[in-house]
Amino acid sequence: MTRNRIIAISSGGIITVATFVAGLWLMIYGNMFPDSDLIFLVSMAISPLAVVSVIAGFLVWWIFLFLLTLIWNDSPTEQGDELNK
């Protein structure tokens, strides 16, 4: 796996998890739902939250991969080719 792909997939994964955790925290502690039905409503809202988190992570992955491809040339150098022989 190339350096650009490693950086992009790592940042996308971090954003996916961070978005999900932040959204879940807001649903539970942000007083978005009444206290009496909190567990039911949060369990109903987890699926859309997961979808939004995955979309945000994919968006960050795609943007990072695109920008890193423009900035860094990830083609192997002559020295790297000699080491792989």
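Predicted model: local features only at pLDDT ≥ 70, side-chain atom pairs only at ≥ 80, totals over all residues.

Helices H1 and H2 are roughly antiparallel to each other, a term used for angles over 145 degrees. The axes of H1 (residues 3–29) and H2 (residues 38–71) come within 7 Å and cross at roughly 155 degrees, where axes are lines fitted to C-alpha atoms over the stretch in contact and angles run from 0 to 180 degrees between N-to-C directions. The crossing is right-handed, that is, the near helix is turned clockwise from the far one by less than a right angle.

The residues in the contact of H1 with H2 divide by class as follows.

| Class | Residues in the contact |
|---|---|
| Nonpolar (Ala, Val, Leu, Ile, Met, Phe, Trp, Tyr, Cys and Pro) | 21 residues |
| Polar (the others, Gly among them) | nine residues |

Residues are numbered from 1 along each chain as its sequence is written, and side-chain values use heavy atoms, with hydrogens and water left out.

The protein chain has three helices and zero strands, helices being DSSP runs (H or I) of at least four residues and strands runs (E) of at least two. Of its 85 residues, 16% are buried, meaning under 20% relative accessible area with a 1.4 Å probe.

Ser53, found in helix H2, counts as buried because its relative accessibility is 2%. Leaving aside residues up to four places away in sequence, Ser53 touches Thr16, Thr19 and Phe20, with contact meaning heavy atoms within 4.5 Å.

Terms used. Parallel < 35°, antiparallel > 145°, perpendicular 65-115°, else oblique. Buried < 20%, exposed > 50% of the residue type's maximum accessible area, 1.4 Å probe, protein only.
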